[in-house]
There are 2 protein chains.
Amino acid sequence: MVRYVGVGNLVRLIGHVSIETVIRDLAGYIEADFHRWPDFEKTPRLASHSSDGVIELMPASDGASYGFKYVNGHPANTKAGLQTVTAFGVLSDVATGYPVLLAEMTILTALRTAATSALAARCLARPDARTMALIGLGAQSEFQALAFKTLLGITHLRVFDVEPAAATKLVRNLGGHGLDIVVASSSHDAVIGADIVTTVTADKLKATILSDNMIGAGVHVNAVGGDCPGKTELHPDILRRGRVFVELAEQTRIEGEIQQMPEDFPVVELWRVITGEASGRRDPREITIFDSVGFATEDFSALRYLRDRIHGSDFFEEIDLLAEPSDPRDLFSLLKPSRSGDPA
Amino acid sequence: MVRYVGVGNLVRLIGHVSIETVIRDLAGYIEADFHRWPDFEKTPRLASHSSDGVIELMPASDGASYGFKYVNGHPANTKAGLQTVTAFGVLSDVATGYPVLLAEMTILTALRTAATSALAARCLARPDARTMALIGLGAQSEFQALAFKTLLGITHLRVFDVEPAAATKLVRNLGGHGLDIVVASSSHDAVIGADIVTTVTADKLKATILSDNMIGAGVHVNAVGGDCPGKTELHPDILRRGRVFVELAEQTRIEGEIQQMPEDFPVVELWRVITGEASGRRDPREITIFDSVGFATEDFSALRYLRDRIHGSDFFEEIDLLAEPSDPRDLFSLLKPSRSGDPA
């Protein structure tokens, strides 16, 4: 049997331990895996493009476990009341090839993206940062806000979305989480006094959510929404003024903000900062940019966290995804009449 | 919700309609997809190798649906009472990227492999073929036997395995299916008088299961077991004497029997025979060889068959693999207390 964590059980788990605890624990797994980054088999994602969007398979392995995520990106889905991005994932045992966990990953991806953003900001933002601007208040925004509160001690949010209803939604959702929230009237207004600026907009176009004059000395920019070819949020001048940090340079040059820059534009891979091989913020006046596109190891970390977290709990079901004949050479025995009753 | 067909429901379905009917219907789907072969997006499988085996993701898309199979190959699993190969698959809607079906594919792969073999043999074996030699009596053997009975009218089997218990198992499993079965004392003995020779052995080594003198004029060879780099079953002289048919030449040159042959060794892709662009058997004395390695479109066909077959039936469950907030921009709402009770 394979353990299955669907949306219902993941929501129950988060409700049981609190979203802040889940984010903190998940960040610990992601950080641990960044620490052993060179040990991973890192494969380019396998993408199938259509006129409506993309379906991707993102595998990663550390030699003991193998994980992959299925994820789609369909910008027009929202109009039909569907989500732009949905995801699920599987973790397997490398020694046998047997899957051990199947999990929903739509919510889990929002959690791991936010945890990774906050983890990066812990190395890159000023330690005294307390105010974050949050631009783009879609499906991922609350997760980003709570990760920065939990991991960095952000207390003040300045939020903006072109759609006013999105701000109303965010304020409603974050009620009771101890954040002081100001709804700004524009992106320009949102960034005033912000120590950290998070952009997580959904446009699938080259957009300039942040122009150069909006980013002052000492700001950390957490650029989450520029995450596929043709989709960026920052004016290139911001990238030139700051130091840019990425997950895997090779992937980010295609998908991230730096797709706007020459091939040899200098970037630092985040794992080097986490292991201490490279410096993070060096100066309170430096501008730092985390050009986040999401990488398969982060999904691997999330699956690994979930596998360990549900151990000994009831936050999962078991499903009969694998045929398990008592004699492995006798697969056909499963079809014999004595076995063909409803095993449920 | 996503429809889920686990082992229990697939076994119930097969028991309900009979395995022969499933094989016949499945072969119809596979044949239909071979007919529109050029319409498919065909991607190389994405493999992760370890010292113990391999884990592969095999995607295919026809522009309306997208399917992928997860499959492992771990030769040492059998010693631990586990299966060498397990698999599951997902079918999605290309327009939205949403998965619509999750299914066990260990049994389904055995069925689709056998159906494809028999489909090829229908074009390649002599129409009067009634006797098949079956060498290698592991997990897939009974499925091969029943596919050839169902689609070609094979009535007589001559079977052999180096492990005598495997023959006992096959004879027991195929009792009541109307096949006349002779247990042969060797591979040489098994092929005597056979019109078709199927090899489906499990050795992960270059082995010569069939030597040149064992294959006489007019025989069709269905070579299923030579299916990964380093694993072959036929002496190269057999390949030189016959005409060789493959699924996708580019993949079979790496994985199939023809990995023993020069890069330009002539082969015919099966879809060309099925569409009538290329000839199948041209002469009763010709030797034909189907060098089968399995291709992602066959898994796609199997998932498509299953999706259609369970429609209006109760041979599936629904699982909460996808987060579905009523407002797609409000993923976080799923975590709010009013929603965090156990939805089950």
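This is a predicted model: local features need pLDDT of at least 70, side-chain atom pairs count only at pLDDT 80 or more; totals for chains, interfaces and linings use all residues.
Which side chain meets that of A:Lys149 in a salt bridge? The partner is A:Glu20, with N and O 3.0 Å apart.

Where the domains meet, domain 1 of chain A contributes 18 residues and domain 2 of chain A contributes 20 residues.

The area buried between domain 1 of chain A and domain 2 of chain A is about 1800 Å², with 68% of it on carbon and sulfur atoms. On the side of domain 1, the residues that lose the most area to domain 2 of chain A are A:Glu20, A:Phe34 and A:Trp37, which together account for 29% of what that side buries. Between domain 1 of chain A and domain 2 of chain A the count is two salt bridges, and six residue pairs are in polar contact, both residues being at pLDDT 80 or more.

Helices α2 (19-35) and α10 (296-310) of chain A each supply at least two residues of the side of domain 1 that touches domain 2 of chain A. The largest share of that side, eight residues, comes from α2(A). By class, the side of domain 1 of chain A that touches domain 2 has nine nonpolar, two polar and seven charged residues.

The second kind of contact is between chains. Chain A is superposed on chain B by a rotation of 180° with 0.0 Å of shift along its axis, at an RMSD of 0.0 Å. This is the relation of a two-fold axis. Both copies use the same surface, since 100% of the contact residues of chain A recur in chain B.

In this interface, 84 residues of chain A touch 84 residues of chain B. About 6800 Å² is buried between chain A and chain B, and carbon and sulfur atoms give 66% of that area. Four salt bridges cross the interface of chain A and chain B. One salt bridge joins B:Arg172 to A:Asp330, with the closest N and O atoms 3.3 Å apart. There are also 40 residue pairs in polar contact across the interface of chain A and chain B, both at pLDDT 80 or more. Helix α1 (residues 7-17) of chain A gives the most to the side of chain A that touches chain B, namely six residues. That side divides into 42 nonpolar, 26 polar and 16 charged residues.

Terms used. Residues are numbered from 1 along each chain as its sequence is written. Chains are lettered from A and ligands numbered from 1 in the order in which they are written. Side-chain values use heavy atoms; hydrogens and water are left out. Contact means heavy atoms within 4.5 Å. Buried area is the accessible area (1.4 Å probe) that two parts lose on being put together, summed over both. A polar contact is a pair of N or O atoms within 3.5 Å; within protein, one must be able to donate a hydrogen and the other to accept it, and residues adjacent in sequence count only if both atoms are side-chain atoms. Helices (H or I, at least four residues) and strands (E, at least two) are DSSP runs, numbered from the N terminus. Ala, Val, Leu, Ile, Met, Phe, Trp, Tyr, Cys and Pro count as nonpolar, Asp, Glu, Lys and Arg as charged, and the others, Gly among them, as polar. Copies are superposed by least squares on the C-alpha atoms of residues with pLDDT of at least 70 in both.
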